[in-house]
Amino acid sequence: MNYGFFRVACASLKLKVANPTYNKEEIKNAIDEAIAEKARVLVTPELSITGYTCADLFFTKSLQDAAGEALVNIVKYTKKRNIVVVVGMPVPFYNSLYNCAVVVGNGSILGVVPKTHIANYNEFYEKRWFASGEQFKSCQAINLYGYETKIGNQIFDLGGGAVLGVELCEDLWVSNPPSSTLVQHGANIIANLSASDEYVSKAEYRRDLISNQSARCICAYLYAGASVYESTTDLVFSGATVIAENGAVIAEGERFSRKNIVTYADIDVEKLAALRLNNMSFENISEEIGFVQHSILNDDNDLKHRFFDPHPFVPADDEKRRERCREIFSIQAAGLAKRIEHIESSGAVIGISGGLDSTLALLVAVEAMKLLGKKNSDIMGITMPGFGTTDRTYHNAIDLMNCLGVTVKEISIKDACIQHMKDIEHNPNMKNITYENTQARERTQILFDMANKHGKLLVGTGDLSELAMGWCTYNGDHMSMYGVNASVPKTLVRYLVDYVAGISDERTAEILYDVLDTPVSPELLPPDENGEIAQKTEDNIGPYELHDFFLYHFVRFGFSKEKLAVIAQKAFDEKYTGEEISKWLAVFLKRFFISQFKRNCIPDSPKVGSVSLSPRGDWRMPSDASFKDYLR
């Protein structure tokens with residue numbers, strides 16, 4: 001099974017200018033290599049059959065005939081080969097010569113796409129030789145060296161959801177690239193045959209252009225540039241090959257190589273389709289355009305050329321991660337400051353447990369006070385020791401509040417919980433869900449009443465991962481007046497606290513680092529015989545890093561259980577066995593479905609990333625939806 005993945009390749013070729021007989025052999029070599037790698041599409045550079053820098057030789061019949069003979073040879077070479085090849089060549093049509101991409105597959109010419117925007121400035125003067133394909137308002141029939149096909153703007157349905165569109169070099173650099181129209185007709189893979197020369201800083205600009213267009217078009221973008229063997233007179237070419245998908249460069253070949261470079265990537269057409277279904281900008285349009293069907297066998301995919309980030313919410317690069325944390329922290333603080341200011345609250349009330357989530361919420365509240373010109377003492381931090389509170393978390397809670405200068409309150413919940421369990425006739429020795437939730441709801445009652453008493457806003461601490469898994473007590477820690485962490489996943493909470501630790505004074509940082517080193521736990525069950533945390537969340541529901549991975553790919557792209565398992569196996573690279581991934585994936589899917597009723601009534605909270613479970617904006621789901629088919 002291919003799980004929606006489609007392997008593509010871009011080639012930069014070792015060629016000889018004005019020598020199609022030689023160049024066709026290099027193209028065939030690239031075809032062989034691409035087929036050996038099970039690539040389904042191969043894109044070659046602009047005018048790859050003749051070379052881009054032939055200048056007035058393009059007018060000569062000898063070059064045109066040699067190009068035609070080379071094309072025929074390449075077309076025949078693709079017979080019974082499971083690949084579509086896009087080559088570049090000059091195509092004469094009635095009174096004009098066109099710079100074209102010729103799409104070839106299984107011994108036939110599927111179509112010819114002429115370049116629309118002819119570069120004619122600075123070092124480029126293509127209008128001397130080529131006419132613009134813009135004059136083709138619709139596709140026209142053409143007999144190209146014995147093959148009946150069509151020339152004009154068209155897309156190619158390759159089966160399995162992969163739809164190819166083509167543009168050439170300068171077409172990408174203009175304000176309205178042809179690819180912007182091609183994707184509206186259904187193309188989700190754009191091939192660009194290019195001959196872009198090099199000068200200082202151009203490569204970075206070109207790379208950004210490719211990635212940005214793939215983002216705007218929600219597509220895969222395959223760029224194949226002319227190699228160093230095109231370099232002549234005043235120009236040097238580098239052979240850039242770049243493959244981008246929805247704004248991210250996922251593969252890039254070596255530049256300035258003196259050998260054939262073929263760059264591969266496994267693009268995810270299922271992911272692209274999911275993103276487009278949620279984006280009403282991609283409604284199909286009716287403008288006439290050519291449409292060609294040519295199915296490619298795409299039976300399996302080993303994902304050899306695909307990287308999956310095991311922590312999709314957390315940038316791997318240190319500087320990018322710090323910048324992401326800085327941005328998210330600012331969003332959280334700005335949202336909280338606005339709410340406090342709007343309701344004219346005197347400050348905030350927060351339950352401080354000494355754990356990760358309440359620590360982050362406290363740090364956000366301190367920043368919000370700074371934005372509002374209020375004192376940290378306007379924050380009332382309340383620690384509420386219960387039956388499971390350990391000395392470590394208790395002291396971290398107290399010490400952190402003192403370091404930050406907030407108003408500290410300590411209210412034990414033990415006696416109140418014992419009385420409540422007596423009232424409802426529950427045996428305190430039965431340490432079940434009633435025993436646990438009694439404590440969570442008692443704490444929430446205290447926090448709400450203290451907020452009312454002192455005219456402050458109760459700030460919720462629960463995070464996105466807990467909401468996804470339903471790992472919260474309904475109308476307990478599930479509820480607040482404003483939740484600052486509700487769209488921050490657990491894997492990112494750690495880095496946000498670490499970010500603040502890195503900019504804090506020595507004593508505050510010391511406490512924060514110990515919080516980071518503390519096992520995640522609700523601390524609702526008594527400690528072990530050594531006074532350590534006995535109730536560890538991840539022992540119960542599984543690793544948060546796995547659940548955050550599942551959450552990201554399920555909510556954003558709607559992937560199936562099978563696909564989630566396959567990509568998780570690739571992402572975590574044997575850190576977890578297949579059995580472990582399957583086990584925790586089943587836990588995630590079941591808990592995600594049965595917990596929607598909790599998410600349907602969560603408090604307001606700021607959205608900070610592309611995945612949010614707010615029922616008012618990002619995720620609408622019936623509380624009673626069945627999960628059975630999702631677990632099959």
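At 34% relative accessibility, Arg-207 counts as partly exposed, since buried means under 20% relative accessible area, exposed over 50% and partly exposed in between (1.4 Å probe, protein chains only). Keep in mind that this is a predicted model, where local features need pLDDT of at least 70, side-chain atom pairs count only at pLDDT 80 or more, and totals for chains, interfaces and linings use all residues. Residues are numbered from 1 along each chain as its sequence is written, and side-chain values use heavy atoms, with hydrogens and water left out.

**Exercise 1.** Find the salt-bridge partner of Arg-207 and say where both residues sit.

*Solution.* 
- Step one: look for a salt bridge (a side-chain nitrogen of Lys or Arg within 4 Å of a carboxyl oxygen of Asp or Glu). Arg-207 pairs with Glu-252, with the closest N and O atoms 2.7 Å apart.
- Arg-207 is in helix 5 (residues 202-216) and Glu-252 in strand 13, 45 residues apart; helices (H or I, at least four residues) and strands (E, at least two) are DSSP runs, numbered from the N terminus.
- Step three: check Glu-252, which is partly exposed at 43%.

**Exercise 2.** Now try Lys-202 with Asp-197: are the two buried or exposed?

*Solution.* 
- Step one: the closest N and O atoms of this salt bridge are 3.0 Å apart.
- Step two: Lys-202 and Asp-197 are both buried.

**Exercise 3.** Work out what Arg-392 and Asp-517 tie together.

*Solution.* 
- Step one: their closest N and O atoms lie 3.5 Å apart, in a salt bridge.
- Step two: Arg-392 lies in helix 9 (residues 391-404) and Asp-517 in the loop between helix 14 (506-516) and helix 15 (537-541), so the pair ties together parts 125 residues apart in sequence.
- Step three: Arg-392 is partly exposed at 29%, while Asp-517 is exposed at 55%.
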